[in-house]
Amino acid sequence: KNNQIRITSAKLNAEVDAGEIEFIGNVKATQAGAVITSDRLKIIYDPDAIKNKTRDFENVTIEKIIANGHVKIVTDNLIAETDRAEYTIKSNILIISGKPSSLNRDGHLITGSKFTLQRSDGTLTVEGSGEDRVRAIFQP
């Protein structure tokens with residue numbers, strides 16, 4: 001399966017009834033050519049599926065993936081570095097936040113406090129915070 005997520009870490013904590021699994025320590029997650037490394041990575045499952053006590057985990061869907069601490073995301077045309085990244089599966093939105101956060105997309109470097117990437121259409125919004133203004137360096 002091309003959409004499988006493979007994760008390695010030093011430790012795993014699972015709260016089955018809450019539908020959360022947290023990987024701790026030197027975490028590496030890979031999916032279809034994307035690699036995320038971080039100190040911690042939490043997978044949150046769809047709460048409706050958990051409430052129904054469906055132990056048929058084939059049909060339980062992942063709602064969110066949250067990475068914290070020294071987060072680095074690498075895909076074919078993008079490298080993001082941040083404190084925190086949150087990916088919501090259904091809306092296909094990746095939010096990276098914390099300072100400093102940077103995004104290098106096809107050689108163009110942007111730094112800011114909060115990045116919202118709509119993965120379905122490639123739309124990117126970058127926000128600054130206080131003195132930390134958005135900065136961009138573009139390759140001509």
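**Entry 1: G130 and the loop**

I started with G130, which sits in the loop between β9 and β10 (135-137). For element names I keep to DSSP runs numbered from the N terminus, with helices as H or I of at least four residues and strands as E of at least two. The model is predicted, so I note that local features need pLDDT of at least 70 and side-chain atom pairs count only at pLDDT 80 or more, while totals for chains, interfaces and linings use all residues. Residues are numbered from 1 along each chain as its sequence is written, and side-chain values use heavy atoms, with hydrogens and water left out.

Is G130 buried or exposed? I find G130 exposed, because its relative accessibility is 71%, and the cut-offs I use are under 20% for buried, over 50% for exposed and partly exposed in between (1.4 Å probe, protein chains only). From G130 to T116 I step 14 residues along the chain, and their C-alpha atoms are separated by 18 Å.

**Entry 2: T125**

Next I went to T125, in strand β9 (residues 123-127). T125 has a relative accessible area of 40%, so I log it as partly exposed. Leaving out residues up to four places away in sequence, I see T125 touching K114, F115 and T116; contact here means heavy atoms within 4.5 Å. I also looked up T125 against S9: the two are 116 residues apart in sequence and 31 Å apart in space, C-alpha to C-alpha.

S38 belongs to strand β4 (residues 34-45). I put S38 down as buried because its relative accessible area is 4%. What does the side chain of S38 reach? I find the backbone oxygen of R40, at 3.0 Å. The rule for such a polar contact is a pair of N or O atoms within 3.5 Å; within protein, one must be able to donate a hydrogen and the other to accept it, and residues adjacent in sequence count only if both atoms are side-chain atoms.

Beyond four places in sequence, S38 touches N26, V27, A67, N68, G69, H70 and V71. Two of these partners made me stop. N26, in strand β3, has a phi near 50°, a positive value in a residue other than glycine. H70, in strand β5, also has a positive phi near 50° without being glycine. I count N26 as exposed because its relative accessibility is 70%, and H70 as exposed because its relative accessible area is 66%.

**Entry 3: the cavity**

Rolling a probe the size of a water molecule over the atoms shows where empty space is left. My search uses a 1 Å grid over the protein atoms alone: a cavity is a set of points where a 1.4 Å probe fits but cannot get out, a pocket is an open set with protein on both sides within 12 Å along at least five of seven lines, and lining residues have an atom within 4 Å of a point. Points are joined across faces, edges and corners, and a volume is the space filled by probe spheres set on them.

How many cavities of 30 Å³ or more are there? I count 1. The largest cavity has a volume of about 40 Å³. Its lining is A80, L94, I95, I96, L103, F115, L117 and L124. By class I get 8 nonpolar, no polar and no charged residues, with Ala, Val, Leu, Ile, Met, Phe, Trp, Tyr, Cys and Pro as nonpolar, Asp, Glu, Lys and Arg as charged, and the others, Gly among them, as polar. β7 gives the most to this lining, with 4 residues.

I also checked S102, in strand β7. At 16% relative accessibility, S102 counts as buried. Its contacts beyond four places in sequence include A80, I96 and F115.

**Entry 4: the second largest pocket**

Last, I looked up the second largest pocket, which has about 530 Å³ of space. Its lining has 27 residues, and A34, I73, T75, L94 and R119 lie nearest its centre. I class the lining as 17 nonpolar, 6 polar and 4 charged. At least two lining residues come from each of β3 (20-31), β4, β5 (62-74), β6 (78-88) and β7 (93-105).
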